[in-house]
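Biologist: I'd like to learn how to read charge pairs and surface patches in a model like this one. Can you walk me through it?

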Amino acid sequence: MGGNPRKRLTAQGRRELTVEELRTVCQSATGELRALLGLGVYTGLRLGDCSTLRWCEVDLARNVIRRHPE
């Protein structure tokens with residue numbers, strides 16, 4: 001059996017941003033993107049979850065956000 005040789009897959013992982021890289025990204029962002037990035041940095045929510053957050057999920061009196069991540 002001849003067949004085709006298997007191609008090697010190279011894993012493409014993601015790495016965490018350094019503090020300096022994160023600072024640069026956040027400082028250069030403007031408008032709603034800056035607010036979304038800030039929300040993500042301080043809550044740990046992903047960008048998609050930050051952008052779909054609803055006021056009914058935010059309890060300002062208790063300083064709590066109740067969100068089920070997508």
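Biologist: Let's start with R23 and E20: how far apart are they in helix α1?

Modeller: R23 and E20 are three residues apart in helix α1, which means about one helical turn separates them. Keep in mind that this is a predicted model. Side chains of opposite charge can pair when their charged atoms come close. Here R23 and E20 do form a salt bridge, with their closest N and O atoms 3.0 Å apart.

Biologist: Which residue does E21 pair with?

Modeller: E21 meets R15 in a salt bridge, 2.9 Å from N to O. E21 is partly exposed at 28% relative accessibility, whereas R15 is exposed at 58%.

Biologist: How many salt bridges are there by this rule?

Modeller: The count comes to five. One of them joins R67 and D49, whose closest N and O atoms are 3.7 Å apart. R67 sits in the segment after β2 (64-65) and D49 in helix α3, so this pair ties together parts that are 18 residues apart in sequence. Salt bridges with shared partners also link D49, E57 and R67 into one network.

Biologist: Is D49 buried or exposed, and what does it touch?

Modeller: D49 counts as buried because its relative accessibility is 3%, and the cut-off for buried is under 20%. R67 is buried as well. Leaving out residues up to four places away in sequence, D49 touches R67, P69 and E70. Its helix, α3, covers residues 47-51.

Biologist: Now the surface. Which residues form the nonpolar patch?

Modeller: The patch is made of L17, L22, V25, V41 and Y42, and together they have about 490 Å² of accessible area. Helices α1 (19-28) and α2 each supply at least two of its residues. Take L22, which is found in α1: L22 is partly exposed at 32% relative accessible area. That matters for patch membership because a residue needs over 30% to be included.

Biologist: And how do I judge the length of α2, compared with what is expected?

Modeller: Compare its end-to-end reach with the span expected at 1.5 Å a residue. Helix α2 (residues 31-43) has 13 residues and reaches 19 Å from first C-alpha to last, close to the expected 18 Å.

Biologist: What happens just after α2?

Modeller: Look at the backbone there: G44 takes a positive phi of about 85°.

Notes: Residues numbered from 1 in each chain as written. Predicted model: local features only at pLDDT ≥ 70, side-chain atom pairs only at ≥ 80, totals over all residues. Heavy atoms only, no water. Helix = DSSP H or I, 4+ residues; strand = E, 2+ residues; numbered from the N terminus. Expected span 1.5 Å × (residues − 1). Patch = residues over 30% accessible without salt bridge, like charges linked within 9 Å, V, L, I, M, F, W, Y side chains within 5 Å. Areas by Shrake-Rupley, 256 points an atom, 1.4 Å probe, with all protein chains shown as cover. Salt bridge = Lys/Arg side-chain N within 4 Å of Asp/Glu carboxyl O. Buried < 20%, exposed > 50% of the residue type's maximum accessible area, 1.4 Å probe, protein only. Contact = heavy atoms within 4.5 Å.
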